[in-house]
Amino acid sequence: MPESMSATPSAVTSREADGVAARDGAARIDLSIIIPVYNEEANLPALYQKLHATIDVLGQTYEILFVDDGSSDDSRSVLCQLAAKDPHVQVIALRRNYGQTAAMMAGIDHAAGAILIPMDGDGQNDPADIPRLLEKLDEGYDVVSGWRADRKDNALTRTLPSRAGNWLISRISGVKLRDYGCSLKAYRRQVLDGVRLYGEMHRFIPIYASWQGGRVAEIAVNHHPRRHGKSSYGIERVAKVILDLCVIRFLDRYATKPIYVFGMFALLSFAIAGLSLAYMIYLKIAEDVSFIETPLPLLLVTTGSIGVLSILLGLIAELLVRTYYEAQSKLTYMLDRTERTD
């Protein structure tokens, strides 16, 4: 590995103490393996050995980025020992536990590879699948997602909710994948440029790529049972994923035109208010029913007020969107290429 791509043991230790591995000015290399870690000290040595057995034979320049997400066990110490003996290993240590998405974003920000391959640090993903991901990328795809066809998790609390969530995500997003939750994926660097991840949104990167014109593929990958430790995720994760999916759907369809969302809700409220008013008048004229004998006046005032507030919120959102884009000179489109005949 060229000297500009490597890090001395002392440099790694220093970055670990500072809580971040600086990658500014790093030379571009072929592969960046990004591994978020949270309390996985017992799984890390075996994972490291399997990674090297797989990657060393590929003949490509690479780095392994371990992101310690505020582990409370000895994971950081184990990672620093690995970094001290291997210049390919970089340690990015977060000050506290921010969650898998934030750890993944930290790894992406510090990665120097032309191809980024995230994977879990619990040993359930198989590094031996990495060459197959790369082969699929070479067919012209921008994202290759792993599919845990034979998943080794509890069926009731993990597998069944995951299948339901994957079906829902595929239906809403229009991107048909069978396993959004599998961390083992391969991305071309350009599909991640400008992507910022929040909440549990790391699983939705294939959707971002597809919506921006990227080609997405899926292949079956191995999945091993967890040997040490326990998962920090439960069934409550499904609700978080659904809410995050609502956010990305909104950002895709209405990020530059929020008035359409608030305006449609306002029109619906005004329609209900109008129908309430018409029915009130009908009851008064045709059946001599006093306004105060029905809940219609309250419904009229409530829905009318909601309509007015929705319009105002939409206008405020429009101002915020314009401020967001114009203050940063951000474009509302992405170029693929331009051609001109002189």
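**Burial, helices and salt bridges**

Modeller: Nine of the 11 residues of helix α4 (residues 100-110) are buried, so this helix is largely enclosed by the rest of the structure. Please note that the model is predicted: local features need pLDDT of at least 70 and side-chain atom pairs count only at pLDDT 80 or more, while totals for chains, interfaces and linings use all residues. Residues are numbered from 1 along each chain as its sequence is written, and side-chain values use heavy atoms, with hydrogens and water left out.

Biologist: What does "buried" mean, and which residues of α4 are buried?

Modeller: Buried means under 20% relative accessible area, exposed means over 50%, and partly exposed lies in between, using a 1.4 Å probe and protein chains only. In α4, the buried residues are Gln 100, Thr 101, Ala 103, Met 104, Met 105, Ala 106, Gly 107, Ile 108 and His 110. Across the protein, buried residues make up 45% of the 342 residues.

Biologist: How many helices and strands does the protein have?

Modeller: Helices (H or I, at least four residues) and strands (E, at least two) are DSSP runs, numbered from the N terminus. The protein has 10 helices and seven strands.

Biologist: How is the packing of two helices described, for instance that of α2 and α3?

Modeller: Axes are lines fitted to C-alpha atoms, for helices over the stretch in contact, and angles run from 0 to 180 degrees between N-to-C directions. Angles under 35 degrees count as roughly parallel, over 145 as roughly antiparallel, 65 to 115 as roughly perpendicular, and the rest as oblique. Helix α2 (residues 44-55) packs with helix α3 (residues 75-85) at an angle of about 30°, their axes being 10 Å apart. The two helices, α2 and α3, are therefore roughly parallel to each other.

Biologist: Which residues meet between α2 and α3?

Modeller: Contact means heavy atoms within 4.5 Å. Leu 44, Pro 45 and Tyr 48 in α2 meet Ser 75, Val 78, Leu 79, Leu 82 and Lys 85 in α3. The residues of this contact divide into six nonpolar, one polar and one charged. In this scheme Ala, Val, Leu, Ile, Met, Phe, Trp, Tyr, Cys and Pro count as nonpolar, Asp, Glu, Lys and Arg as charged, and the others, Gly among them, as polar.

Biologist: At what angle do α9 and α10 pack?

Modeller: Helix α9 (residues 259-287) and helix α10 (residues 296-327) pack at about 160°, with axes 8 Å apart. That angle makes α9 roughly antiparallel to α10. The residues of the contact of α9 with α10 divide into 21 nonpolar, eight polar and one charged.

Biologist: What is a salt bridge, and how many are there?

Modeller: A salt bridge is a side-chain nitrogen of Lys or Arg within 4 Å of a carboxyl oxygen of Asp or Glu. By this rule the count comes to six salt bridges. One of them joins the side chains of Arg 148 and Asp 179, at 2.7 Å from N to O. Arg 148 lies in strand β5 (residues 143-148) and Asp 179 in the loop between α6 (155-173) and β6 (185-188), so this pair links distant parts of the chain, 31 residues apart. Arg 148 counts as buried at 9% relative accessibility, and Asp 179 counts as buried at 3%.

Biologist: Where in the structure are Glu 318 and Arg 322?

Modeller: Glu 318 and Arg 322 are four residues apart in helix α10, separated by about one helical turn. Glu 318 forms a salt bridge with Arg 322, the closest N and O atoms being 2.3 Å apart. Glu 318 is buried, with a relative accessible area of 11%, whereas Arg 322 is partly exposed, at 42%.
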